[in-house]
Amino acid sequence: MGVHKDGRLDLLNILKYFMVLVFIGYIVFLLSRESADDVPIKTLEENTLAVISQEGMDKGTTQDLKRFYGLNVQDLDGAALYIPNDIMSVDELLIVKMKDESQAEQIEAAAEQRLETQKTSFEGYGVNQTKLLNAAILDTRGNYFLFVVSKDADKALEAFKKSL
Amino acid sequence: MLFSSIVFLFTFLPIVLILYYVLPRQFKNPVLLLASLLFYAWGEPIYLFLMMFSILFNYISGLDIARNLGNKRAARKSLIFNVVVNLCVLGFFKYEGFVLNSLNAVLPVEIPFQEVALPVGISFYTFQILSYIIDVYWGNVPVQKNLMDFALYVTMFPQLIAGPIVKYAEIDEQLHVREENWGRFGEGVMYFIRGLAKKVLLANTVGMIYTNVSGMAPEDVSVVTAWLGCLAYTFQIYFDFSGYSDMAVGLGKMFGFEFPWNFNYPYIAQSVTEFWRRWHISLSSWFREYVYIPLGGNRVPVPKHIRNLLVVWLLTGLWHGAAWNFVAWGLYYGVILIFEKYFFHRVLDKLPEVLRHIYSLVLVMVGWVLFFSPSFAGALEYLKLMFGAGGHGFMDGEALYLLISNLGLWVIAIVSSTPLVYGVYERYVGRRKPVADVVIYAGMFLLCVAYLVTETYNPFLYFRF
């Protein structure tokens with residue numbers, strides 16, 4: 001194959017095989033891009049927000065990060081926080097880019113503590129809220145951490161994983 | 001970009017339509033091509049390159065196969081090369097994670113891998129491309145020598161993301177000669193608005209019931225609640241996907257194209273075989289034409305016919321998703337269709353119509369459990385709830401609440417999934433009362449817009465394929 005009937009490797013076949021090389025090069029490029037260890041927090045934030053309902057939460061500030069999680073933003077490489085916007089809402093999203101993986105334990109503990117506090121607050125009377133809190137997702141991947149309480153938590157995790 | 005988004009409805013579509021109709025004939029295809037590339041790049045700029053590489057590779061391959069048609073062996077080699085490359089590209093983007101995860105689950109060593117995001121619409125446009133390549137090889141269609149027309153076939157935005165899968169033979173002539181007129185345009189607008197209403201008013205609304213049930217802890221789900229959740233998804237996926245297809249067909253008509261129908265009231269089917277003649281028609285017809293018939297179809301001994309059906313349904317399951325629950329979903333239908341063909345059909349024919357409907361719907365709903373569950377184990381868990389193994393009783397307050405508080409919605413969903421609503425409309429309004437017609441469609445459109453301005457991002461379910 002590749003050799004036309006007159007016995008020469010002609011332009012059409014060269015182009016065809018060249019395009020296969022282009023596919024391979026493109027996939028290598030995508031893989032190197034995907035495995036890059038510096039996905040900006042903004043990209044993660046946008047990709048995750050694109051798949052979850054933002055009803056019930058507002059963007060949190062660095063003070064909120066300190067207040068609810070006890071974390072200082074300057075200790076991290078970046079963070080995106082969305083907190084409940086209503087007293088009866090529990091929707092929440094936290095994405096953290098750590099400076100190094102050694103911070104993972106501290107951040108996971110902070111999110112678990114926050115989750116426990118919320119569960120205690122709604123236990124006994126907030127049936128739907130408790131369901132959402134029980135289905136909360138905490139996930140650490142390399143230098144990145146995700147905590148999400150939402151009816152779309154699974155989709156958020158999927159988007160988070162795919163963004164890394 | 002979503003059809004059901006404000007930016008598409010009030011910016012993208014009007015601009016493309018104006019340019020398309022204002023510019024002379026020779027610019028119409030270029031306008032559509034550019035619009036389609038922009039449409040795709042809107043959400044997936046990085047994967048625009050993949051689609052363009054795919055267009056170039058397949059355009060060249062088509063030329064290569066066509067010039068070798070006199071030499072069957074060379075043409076066949078070229079075809080196989082092309083199909084292998086296309087399936088490898090699709091396989092890499094869609095199945096890499098599935099295959100390696102499955103291997104890692106059984107191997108003693110962990111194979112490290114990096115998963116990439118699935119390019120939107122890749123399953124749809126790859127199948128369209130394969131239809132072209134195979135039809136060129138079979139001599140069913142002439143090779144497309146105009147790169148721009150070929151690129152337009154692959155990228156045409158109305159059906160690029162979620163079908164219908166338009167076979168090249170169905171559109172070849174329309175790429176060169178098509179007639180735009182007000183009648184067809186108006187018909188297209190009506191199709192589009194009907195599809196938009198299905199998606200925005202019905203699918204998204206009934207989908208909230210499914211979301212609610214799927215978010216419940218399993219120990220709180222009664223049998224009726226589980227069935228109601230599944231019923232809600234049954235309606236959601238139908239209105240979502242058929243809504244998208246209606247919009248695609250409608251947009252096609254606005255630009256002078258006729259795309260094939262993709263749905264024909266599947267839930268009124270009286271057997272699962274009939275269901276698949278009415279559901280995602282373009283995919284079933286693709287598999288029939290390019291896999292089932294080449295394998296011998298039903299004109300072979302029974303064991304081979306059973307093999308053919310299982311192969312087609314395994315592939316149908318895999319086409320939908322790279323996960324074991326989709327494999328199970330495909331094989332589930334393969335087995336049912338084999339049983340219907342060889343055992344059930346005599347019994348089914350004797351049953352009253354209502355029982356045949358119930359039989360079909362129950363099997364289809366069980367199938368959707370395999371489809372919507374995140375994993376095979378998850379599907380089995382949900383099925384347990386539906387069949388009373390959940391330990392939360394047959395019916396509880398939650399089930400009653402879901403039933404009563406959404407009674408109107410259930411009724412609307414049921415009648416809208418039958419030909420009843422359209423039949424009544426055709427009989428009493430239709431073309432006889434144009435003013436009422438305009439009021440109905442304008443009303444539906446405004447209602448959809450009202451929903452859309454307050455709604456968050458809500459993509460079509462079939463985008464994930």
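1. **Two domains in chain B.** In this predicted model, the C-alpha centres of domain 1 and domain 2 of chain B lie 26 Å apart. Domain 1 of chain B covers residues 6-177, and domain 2 of chain B covers residues 184-464.

2. **Where the two domains touch.** The contact brings together 26 residues of domain 1 of chain B and 24 residues of domain 2 of chain B. Which elements of domain 1 supply at least two residues each to the side that touches domain 2 of chain B? They are α1 (6-22), α4 (72-106), α5 (122-138), α7 (157-160) and α8 (168-176) of chain B. The most comes from α5(B), which gives five residues to that side of domain 1. Sorted by class, this side of domain 1 of chain B has 17 nonpolar, six polar and three charged residues.

3. **Where chain B meets chain A.** Now turn to the contact between the chains, which takes 27 residues from chain B and 27 residues from chain A. On the chain B side, α3 (45-67) and α4 each supply at least two residues. Here α3(B) gives the most, with nine residues. By class, the side of chain B that touches chain A has 18 nonpolar, seven polar and two charged residues.

4. Two packed helices are described by the angle between their axes and the distance between the axes. For α3(B) and α4(B), the axes come within 9 Å and cross at roughly 165°. Why are these two helices called roughly antiparallel? Angles over 145 degrees count as roughly antiparallel, so α3(B) and α4(B) fall into that group. Their crossing is left-handed. To see the contact, pick out B:Ser54, B:Phe57, B:Asn58, B:Ser61, B:Asp64 and B:Ile65 in α3(B), which meet B:Ala75, B:Ser78, B:Leu79, B:Asn82, B:Val85 and B:Val89 in α4(B). This contact has six nonpolar, five polar and one charged residues.

5. **The pair α10 and α17 of chain B.** Helix α10 (residues 223-254) and helix α17 (residues 397-405) of chain B have axes that come within 8 Å and cross at roughly 35°. The crossing of α10(B) past α17(B) is left-handed. On one side of the contact are B:Val224, B:Thr225 and B:Leu228 in α10(B), and they meet B:Glu398, B:Ala399, B:Leu402 and B:Leu403 in α17(B). The residues here divide into five nonpolar, one polar and one charged.

6. **The pair α12 and α13 of chain B.** The axes of helix α12 (residues 281-292) and helix α13 (residues 302-320) of chain B come within 11 Å and cross at roughly 130°. The two helices are therefore oblique to each other. Is their crossing left-handed or right-handed? The crossing of α12(B) and α13(B) is right-handed. In α12(B), the residues B:Phe287, B:Val291 and B:Tyr292 meet B:Asn308, B:Val311, B:Val312, B:Leu315 and B:Thr316 in α13(B). By class, this contact has six nonpolar, two polar and no charged residues.

7. **Two domains in chain A.** The domain assignment of chain A gives domain 1 (1-35) and domain 2 (41-163). Their centres, taken over C-alpha atoms, are separated by 45 Å.

8. **The sheet of chain A.** Chain A has an open sheet of five strands in the order β1-β2-β3-β5-β4, with antiparallel pairing. Which strands form the edges? They are β1 (57-59) and β4 of chain A, each pairing on one side only. On average, neighbouring strands of this sheet are turned by 15° against each other, direction ignored.

9. **The hairpin of β4 and β5 in chain A.** Strand β4 (residues 137-141) and strand β5 (residues 144-149) of chain A pair in the antiparallel sense over five bridges. One bridge to follow runs from A:Asp139 to its partner A:Leu146 in β5(A). Two residues lie between the strands of this hairpin, and A:Gly142 takes a positive phi near 55°.

Technical notes
Residues numbered from 1 in each chain as written. Chains lettered and ligands numbered in written order. Predicted model: local features only at pLDDT ≥ 70, side-chain atom pairs only at ≥ 80, totals over all residues. Domains from an automatic or database assignment. Contact = placed C-beta atoms within 7 Å. Helix = DSSP H or I, 4+ residues; strand = E, 2+ residues; numbered from the N terminus. Nonpolar A, V, L, I, M, F, W, Y, C, P; charged D, E, K, R; others polar. Axes fitted to C-alpha atoms, helices over the stretch in contact; angles between N-to-C directions. Parallel < 35°, antiparallel > 145°, perpendicular 65-115°, else oblique. Left-handed = near helix turned anticlockwise from the far one by under 90°. Pairing = 2+ DSSP bridges.
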